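Take a moment with the model below. Then follow the text from one part to the next.

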Amino acid sequence: MKYYKIFILALACTLQLSCEDFVEVEIPDDRIISESVFSSDETANSAVKGIYNELYQATFSSGFQTSVTVLSALSADNLKATVTTTNLLEFEENEIFISNSYNLGIWSSAYNIIYMANAVLEGLRDNSNISPELNEKLTGEARFIRAFTYYYLVNLYGEVPLVLSTDYDDNSRKTRNSSSEIYNQIIQDLEIAAEQLGSTYENGERLRANRFTAMALLARVYLHLEEWELAEDYSTEVIEASQTFELLAHEEVFLANSREAIWQISPREGGASQTNTREGALFIMLNNRGSVALTEDFIESFESNDTRLEQWIGLFTTENESYYFPYKYKVKNATDEISEYSMVMRLAEQYLIRAEAHARQDKLMEAIEDLNKIRQRSNLSAQNTNDPGINQDEILNLILEERRKELFTEWGLRWLDLKRSGEADAVLSSKKPFWEDTDVFYPIPEDELRKNPNLTQNEGY
Amino acid sequence: MKNNYQSRVYIVAVIVIGLLLIFSIKSLSAATPKPLPYFQDITITGTITDKDGLPVPGATVSINDSNNGTLTNMEGNYELTAPAGATLVISYLGFKSREVAVDGQEEIDIQLEEDVQALGAVEINAGYYNTTDRERTGSISRVSGEDIEQQPVVGPLEALQGRMAGVEVEQPSGVRGVASSIRIRGRSSLRSGADQPLFIVDGVPINANSINSVGPFTNSSGMDPLSTLNLSNIASIEVLKDADATAIYGSRGANGVVLISTKKNKGDQTQVEAKIYTGFSKVSNRMDLMNTEEYLEVRRTAFENDGATPTESNAPDLVLWDQNRETDWQEELLGGTSPITDLNMVVSGGNEQTSFRLGGSYRNEGSVFPGTFEYNKATANLSLHHKSKDRKFVLDFTANYGYDNNELFYGNNFVERAIILPPNAPELYNEDGSLNWAGGSWDNPLQGLFRPQNIKTNNLISNLSVQYNILEGLQLKTSLGYSNLSSGENTRFLIDSYDPSTWDQVNLRSYHNNTQRNSWIIEPQLVYNKSLGNLNIDVLAGLTLQDNKNSFLTFEGTGYGDDSLVGNLRAADGVRINSDEKLHYRYAAIFGRLGFDWKKKYYLNITGRKDGSSRFGLNKRIANFGAIGAAWIFSEEAFIQENLPFLSFGKLRGSYGTTGSDQIPDYGFMDTYEATDGPGGLYPTKLYNPNFSWEINRKLEAALQLGFIEDRINLELNWYRNRSSNQLIGYPLPAITGFSSVQANLPATIENSGWEIALNSLNIKGDNFSWQTSLNFTVPRNKLVEFDNLELTSYRQTYRIGEPLDIALVYKYGGINPETGQYEIQDVNDDGRIDFSDQTGTAFLGRKFYGGIQNTINYKNFNLGFLFEYINQDRPSYLVEMFNSPGSYGNNSTQILNAWTQPGDNTNIQQLSQSIPSLLSYFDVLNTDLMITDASFLRLKTLSLSYKFPKDILQDLGIKALDLYLHGQNLFTATDYLGLDPQGGQVIPPLRTITSGIRITL
């Protein structure tokens, strides 16, 4: 009978445990519930830091061959592919297949970053658990990142859905918003960011957005909107912050926290094994021709005494062919001591923005002065500010050319410049055999059209 | 183990019920009681043996017309007090019952005759209880250990291919140790990969999801967690299919249940059995590719057609490489022979109260790839059975432990390269034996050999079950299960896997995966059997508490200074954790079963379960499931016996009920953040939905079982219809939502219906010669019945209402443009662009029908068995997985030689070209109906030939049994499919294996 008693006891014990209580499991230590993320200053700050970390990983911003930096440079006239990777060739030949996975990668990683920013903004809204100063700062940063991401989306794809919440049910059926709606949102976000963010860089690291970062992007955005005066004002604010920013010698520009940097992304965000930039890893050719190289056409655009030729461009030769590669970043090996950060925005661009804004307002002398800042650093002769023969168009052209040579393989700026200036068709139709005027926008990824019946395709695809 | 323990309980129960039944029937029918010559009781002893003279333990010896009876002991002996004039009835499962008059004898030895074809002969494991083919009310398929053992494969699922109706087992490739997939009665979820049934090994539910792996050979399917089981130690595998059989598993039963039982010992004779086999495997299929002359001609033509010049970057095959070399890359890379050795040893023994079975095995395999990559597996198993002298207390224990060590390598596109490498590509090795990199003009395909991947898995599955018979017919039992799996994988990138010219840049690295799975389960149960006249009742009530902890850690070490240090994390410059996941799943339930039968003719089975699972949010945690099954053995009816005398058995059965599916990730309902790779950051990893709930699967089944000519021919015909609604899925979202999916329940209903036929026929039965055929055949039908507002969801371009789930939406092929020579797609809606709205064709890619046929022929001591598997299906052409358009770099099928050259050419290969526009039109055509090809096949899955030495010869040598055998697996495949494997596409097809062995029993 003793077994019998044991069984009854065991059964009674087990029945005591109510089923519901039993199936309650604790959250494992590898994750945090989002409510608790926004319940303390520390974790809320981590959620924003997380977005910067993810920018290093996100397809569109990583600097690798799937990023805007490479793909848009291929679409323009700065880069060419040296491998037979179809995804790359499609961008280079402006014949992008609607199911191109790199294209989908840009689109979806950008919206993933926007989701994170929206989640932070929602988590911080009317949140009294977070100290007010930090709340303002984090909100400003999230808005800046959202604006930055939309800036690329609207430039690469034209009209895109404007997603400002995390409500997936609603978002999954969004239609495309007009470019002006997107730009309005970008400006609103950036203005709030510029107002809420301070002027210093945290710990001397130029990795998190501050007031200048927001203004630098505003200056660029107003150039797109042809608000020349505002572009001039904002770039002037940045340029005049000389205690923070200065133009450096070529070899110092891309170093970590260089004084020319307005915003950088640290390779440390890739985790322990990644300590240098993906641009360096991708572009630098040591023993083979890599996967992308600079075009001959681009190399020929330099004057022979331009120091950038020597400082920022490398040469690799095989038995019968030679390749030029971008050499702004000097460290290829991912595990060498960290010394460079991936540059997103820097002071030289602000000079060129202001030069253009000046020129557009017919302040030609000021325009030439700003342009000369950049030219002289590269050992080029200064344009004569009093040259009576030079007209506005010629100056604008000079600025466009200078931007190409100064900002090549940085965040697709050449591609955006060609489109913004309306020169894309004229410049590229002679260089690209399959060029069509509708190629200025990338296709909306087929996968997206499949999943969202309210999206439409761009012309030409 | 619980199952087996239960089986014994049920034998006892069935016997007791049987006895009561016999007596009650007899007492009812005995209108004129026989006069008894002697009334005094005498004690009778004796031995019950089978036809070989071996004792039959556990047989029932009962006295006709009374309630008295006993069971034989381990030696087959019995002792019983009975009236001298009584009649003894001896019965045992699998034997024909016998009646013997006592006639005053005090010693009666009886030999029982085996009832080979009897439907009641084979016990079927239904999970919480046992049944037989005769009595079951549910749909259960069974494969015996003998059939499994015959196949020299690594994983148990592979051994099920072609053997069961309604069960689709697919081996993803011939790479050993990768997880096969099993799907029971069709796809019932919109999610792909959510078809996993519940696996129970000896009563312990196992997390049988494949183990994550990083290697190119293994990452898509993952590794098989069941590969550590010893196939020779499996007694049977049962698959539960319909509601009647699966509802008792509630929320885990929607996709069916696979019960694996290991072998137990019930005898008391000490016995040693050893088995050894050895043999080899080879890749079973090759593609027909172009030779160097043909290939180079194609390439030159492509450049001529494009007016382009070959350069070293776009045409190393034309510019840099020897134009006369010729290599058969399939032979070089996949042509190896892999040896196999498998040893097995079992000792069993015991006495009347306690018995045991202790076994071990070792297996070693080589590799069909170049290099030496071995597979080693060692297993140990113990089963222990004990019962108290009064037979009231019974204890069973089983433990199965397995270890395997699988050496593979990180062979990027290895199989693909064997196909597409130009036949004139350079030598693999330099003269000094190092890899040849041909000046950086190619990636040497053997580089992967220097990236060894090693997967070690330990798996322990154990169960303790104790039972106490409280009263006659009432038992309390508890089953305690524990399982622990740990698997570690490491992949090391060594320096030789890189081009020496890049060595100063190389970052030596290693990848590591660690998987831990721990689970325990407690199931106390109360079992009650009662006979009330003609009515027999079985009652089962139980409680389940289950706890699973899974953890998964992946990390990589980088920056090693030297080859010899790679993998030793201390020597790594950097260590990066790629994922560190810990999952906890808990499950609690109450379940029960009520079984009735009337005169062993009418059966009713009611099962139910109330479930709670931690995978669901607070409000959706508890759910009820239940089923009812009924059977009528109409051949017992007098009017049938009179009118249809040729019918030896006839049964109609049916069932209806609900089961659920909780095959979704843990914590799916929670809104969580995880740590970023970079320091100090958190990020949201998914969208969340707190309201998702069970998927409900309603199963309906009707079946007819018939036996003819004394059950020599048995036919079972099943019709089923399962409807799965409240679809729980990772609902795909457009990326603008930030993510690609969210867990949600959708108002969609999927229907799986079909016919299953199982036929068993003893065609010829003689003393020296017999021939038996088993056939199974399934015609499945899968349909998306309803999906509200499908047009407005992200599935609108994936599914179609009224069509099966496994469809591809395809363009209509428009022929070759006579001007450009390029493929054309039909712009169906005439909107001037080719996009998915033109993909109006639907191509069904699942199985249309399938089956298997097994023949077993015995001649004297020879036995020949062979199994054919047949599957009728379509799949995308091999080209879809190749990505090289006609004329671009890379070898191809000889079909390319028939490319378009001028208008009017009758061909489906576009003009040879290497340009991007031509590639894009090729990409388009890959999504057309042109690329859907017949991938039906007939495969000789298993062939076995064995010889059993005659007993009289062996007896003198002191050997109980000695067999010699020869086994072949995947010997032959007939198919029209052009790629490597009609089932897996461009993968290593299942290996062709031939082994020979010997089995000896002492």
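How many residues of chain B are in contact with chain A, and how many of chain A with chain B? The answer is 75 residues of chain B and 79 residues of chain A. Keep in mind that this is a predicted model.

Look at the side of chain B that touches chain A. Strand S26 of chain B, residues 574–598, gives the largest share of that side. It supplies eleven residues. What kinds of residues make up the side of chain B that touches chain A? There are 35 nonpolar, 24 polar and 16 charged residues.

Strands also pair across the two chains. Find strand S1 of chain A, at residues 31–33. Its partner is strand S30 of chain B, at residues 672–675. Three bridges join these strands, and they run antiparallel.

Now turn to a sheet within chain B. Four strands form an open sheet there. Read them in the order S3-S2-S5-S6. The pairing is antiparallel. Which strands of this sheet are the edge strands? They are strand S3 (69–71) and strand S6 (98–101) of chain B. Each edge strand pairs on one side only. The sheet also twists, by an average of 20° from one strand to the next.

Zoom in on one pair in this sheet. Strand S2 of chain B covers residues 60–63. Three bridges join strand S2 to strand S3 of chain B, and the two run antiparallel. Which residue of strand S3 stands opposite B:Val61? That residue is B:Thr70.

Conventions:
Residues are numbered from 1 along each chain as its sequence is written. Chains are lettered from A and ligands numbered from 1 in the order in which they are written. This is a predicted model: local features need pLDDT of at least 70, side-chain atom pairs count only at pLDDT 80 or more; totals for chains, interfaces and linings use all residues. Two strands pair if DSSP finds at least two bridges between them. Axes are lines fitted to C-alpha atoms, for helices over the stretch in contact, and angles run from 0 to 180 degrees between N-to-C directions. Two residues are in contact if their C-beta atoms, placed from the backbone, lie within 7 Å. Ala, Val, Leu, Ile, Met, Phe, Trp, Tyr, Cys and Pro count as nonpolar, Asp, Glu, Lys and Arg as charged, and the others, Gly among them, as polar.
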